[in-house]
Amino acid sequence: MRVKGGTVTHRRRKKVLKKASGYFGSKHTLFKTAKEQVLRGERYSYINRKQLKSDYRKLWIKRINAACHENNISYNRFMSGLKNAKVNINRKMLSELAINDPTAFKELVKLVNANQKAAKKN
């Protein structure tokens with residue numbers, strides 16, 4: 001007597017085809033191609049979840065860099081100056097300050113410049 005596994009197989013295939021809805025061509029209708037495409041899609045989504053963190057960090061750095069150049073200081077001097085002044089603000093918050101509160105960002109630049117002048121005298 002053979003085992004057909006009708007309901008189990010049907011549910012499994014239905015689940016894959018539901019995930020593949022919206023794909024182009026036979027990738028959303030044929031089980032075999034849909035399964036391959038879903039596996040590929042899940043792999044890409046896993047990789048991109050990790051990549052997203054890096055992309056946001058790059059964006060924050062670009063925003064901070066632009067704000068630094070508006071205030072006549074390089075990004076690298078600004079960040080090292082913050083570290084030497086023992087100011088612990090992460091890049092996300094610095095980019096938010098640069099966009100939403102330029103006066104506060106300018107104050108941080110003044111603090112960095114003052115700290116660097118004091119370090120040169122010593």
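Reader: In which helix is Ile47 found?
Author: This is a predicted model: local features need pLDDT of at least 70, side-chain atom pairs count only at pLDDT 80 or more, and totals for chains, interfaces and linings use all residues. Residues are numbered from 1 along each chain as its sequence is written, and side-chain values use heavy atoms, leaving out hydrogens and water. Helices (H or I, at least four residues) and strands (E, at least two) are DSSP runs, numbered from the N terminus. Ile47 is found in helix H2.

Reader: Is Ile47 buried, exposed or partly exposed?
Author: Buried means under 20% relative accessible area, exposed means over 50%, and partly exposed is in between (1.4 Å probe, protein chains only). Ile47 has a relative accessible area of 43%. Ile47 is therefore partly exposed.

Reader: What is the area of the nonpolar patch made by Tyr44, Tyr46 and Ile47?
Author: Patches are made of residues with over 30% relative accessible area and no salt bridge; nonpolar side chains (Val, Leu, Ile, Met, Phe, Trp, Tyr) are joined within 5 Å, and like charges within 9 Å. Accessible areas come from the Shrake-Rupley method with a 1.4 Å probe, and for residues only the protein chains shown count as cover. For Tyr44, Tyr46 and Ile47, the patch comes to about 340 Å².

Reader: Which residues form the positive patch?
Author: Lys and Arg count as positive and Asp and Glu as negative, while His and the chain ends are not counted. The place of a charge is NZ of Lys, CZ of Arg, CG of Asp or CD of Glu. The positive patch is formed by Arg77, Lys117, Lys120 and Lys121.

Reader: Which helix gives the most to the positive patch?
Author: Start with Lys117, which is exposed at a relative accessible area of 58%. Lys117 lies in helix H5. With three residues, the helix that gives the most to this patch is H5.

Reader: How many salt bridges does the structure hold?
Author: A salt bridge is a side-chain nitrogen of Lys or Arg within 4 Å of a carboxyl oxygen of Asp or Glu. The number of such pairs in the structure is two.

Reader: Which parts does the bridge between Lys19 and Glu42 tie together?
Author: The closest N and O atoms of Lys19 and Glu42 are 2.9 Å apart. Lys19 lies in H1 (residues 6-19) and Glu42 in H2 (residues 31-70), so the pair ties together parts 23 residues apart in sequence. Those parts are helices H1 and H2.

Reader: What separates Glu107 and Lys110 along their helix?
Author: Glu107 forms a salt bridge with Lys110, with the closest N and O atoms 3.7 Å apart. Glu107 and Lys110 are three residues apart in helix H5 (residues 102-121). Their separation is therefore about one helical turn.

Reader: Which residues does Asn71 touch, not counting residues up to four places away in sequence?
Author: Asn71 lies in the loop between H2 and helix H3 (75-84). At 19% relative accessibility, Asn71 counts as buried. Contact means heavy atoms within 4.5 Å. Asn71 touches Phe105, Lys106 and Val109.

Reader: Where is Lys86 found?
Author: Lys86 also has a positive phi of about 60 degrees without being a glycine. At 71% relative accessibility, Lys86 counts as exposed. Lys86 is in the loop between H3 and helix H4 (91-100).

Reader: What distance separates the C-alpha atoms of His28 and Lys83?
Author: His28 is in the loop between H1 and H2, and counts as partly exposed at 34% relative accessibility. His28 and Lys83 are 55 residues apart along the chain. Their C-alpha atoms are separated by 53 Å.
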